[in-house]
Amino acid sequence: MDYTSILANFTITELNEMQKASLDAITKNNDVILVAPTGSGKTLGFLLPMLPFLDANNMQVQVLILVPTRELAIQIEKVFKQMGTQFKINCCYGGHSVGIEENNLKQPPAVLVGTPGRIAHHLRRKSLELNLTHTLILDEFDKSLEFGFKDEMEYIIGKSSNPK
């Protein structure tokens, strides 16, 4: 896949070494752990490799990105939108209107980013299904655990397990 037009949206001419390694690892493996300092381009490092796996004909959540804070959720949503793909993304997090989120989930986005508490809330209310979700990204997983989201993370991971 040629990422030139996406990178141009960020005024970037080429990927950095971490992003290149991420693309390579994700195309070769099912499970990848990406460790890099803040500001190193991790968000593009995990968003770019998922693009070839998105199916425009699949009208369900295909990628779920769990994050510990609303600020990180909003940041990832902004980066994804700046990429200029045809795919829809939505955010779900505490402090955001549940009604708006439920309305957005009636026509599910290809990519959903949210905090564990709010995603678990939608799963329990059945306003969200993950039966066709093929990719689960745990961004800043350690912080999610530090913030006390262990039970929610286990619940979500259990609900997103794809038996294929």
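Contact means heavy atoms within 4.5 Å. Helices (H or I, at least four residues) and strands (E, at least two) are DSSP runs, numbered from the N terminus. The model is predicted: local features need pLDDT of at least 70, side-chain atom pairs count only at pLDDT 80 or more, and totals for chains, interfaces and linings use all residues. Residues are numbered from 1 along each chain as its sequence is written, and side-chain values use heavy atoms, with hydrogens and water left out.

S22 lies in helix 2 (residues 17–28). Its relative accessible area is 3%, so S22 is buried. Buried means under 20% relative accessible area, exposed over 50%, and partly exposed in between (1.4 Å probe, protein chains only). Residues up to four places away in sequence aside, S22 touches L34, G45, F46 and P49.

Helix 3 is mostly covered, with nine of its nine residues buried. These are K42, T43, L44, G45, F46, L47, L48, P49 and M50. The cover over the buried residues of helix 3 includes helix 1 (4–8), helix 2, strand 1 (63–66), helix 4, strand 3 (111–114) and strand 4 (135–138).

Helix 3 (residues 42–50) also crosses helix 4 (residues 70–83). The two axes come within 11 Å and cross at roughly 50°. Axes are lines fitted to C-alpha atoms, for helices over the stretch in contact, and angles run from 0 to 180 degrees between N-to-C directions. Helix 3 is therefore oblique to helix 4. On this scale, angles under 35 degrees count as roughly parallel, over 145 as roughly antiparallel, 65 to 115 as roughly perpendicular and the rest as oblique. The crossing of helix 3 and helix 4 is right-handed. A crossing is right-handed if the near helix is turned clockwise from the far one by less than a right angle, and left-handed if anticlockwise.

On the helix 3 side, T43, L44, F46, L47, L48 and M50 take part. They meet Q75, I76, V79, F80 and M83 in helix 4. The residues of this contact of helix 3 with helix 4 divide into nine nonpolar, two polar and no charged. Here Ala, Val, Leu, Ile, Met, Phe, Trp, Tyr, Cys and Pro count as nonpolar, Asp, Glu, Lys and Arg as charged, and the others, Gly among them, as polar.

L47 is found in helix 3. Its relative accessible area is 0%, so L47 is buried. Leaving aside neighbours within four places in sequence, L47 is in contact with I65, I76, V79, F80 and M83. L47 and M83 are 36 residues apart along the chain, and their C-alpha atoms are separated by 9.2 Å.

D55 is partly exposed, at a relative accessible area of 37%. Not counting residues up to four places away in sequence, D55 touches Q62 and F87. D55 and F87 are 32 residues apart in sequence and 8.9 Å apart in space, C-alpha to C-alpha.

Helix 6 (residues 116–125) and helix 8 (residues 150–160) form another packed pair. Their axes are 9 Å apart, at an angle of about 50°. Helix 6 and helix 8 are therefore oblique to each other. The crossing of helix 6 and helix 8 is left-handed. Helix 6 contributes P116, G117, I119, A120, L123 and R124 to the contact, and helix 8 contributes E152, M153, Y155, I156 and K159. The residues of the contact of helix 6 with helix 8 divide into seven nonpolar, one polar and three charged.

Two loop residues have positive phi values. K126, in the loop between helix 6 and strand 4, has a phi of about 65° although K126 is not a glycine. K126 is exposed, with a relative accessible area of 67%. E140 is in the loop between strand 4 and helix 7 (141–146). Phi of E140 is near 55°, again a positive value in a residue other than glycine. At 28% relative accessibility, E140 counts as partly exposed.

The cysteines were examined last. A disulfide is a pair of cysteine sulfur atoms within 2.5 Å. By this rule the count is zero disulfides. The sulfur of C91 is 7.5 Å from the closest cysteine sulfur, in C92, which is too far for a bond. C92 is accordingly in no disulfide. C91 is buried, at a relative accessible area of 6%. C92 also counts as buried, at 2% relative accessibility.
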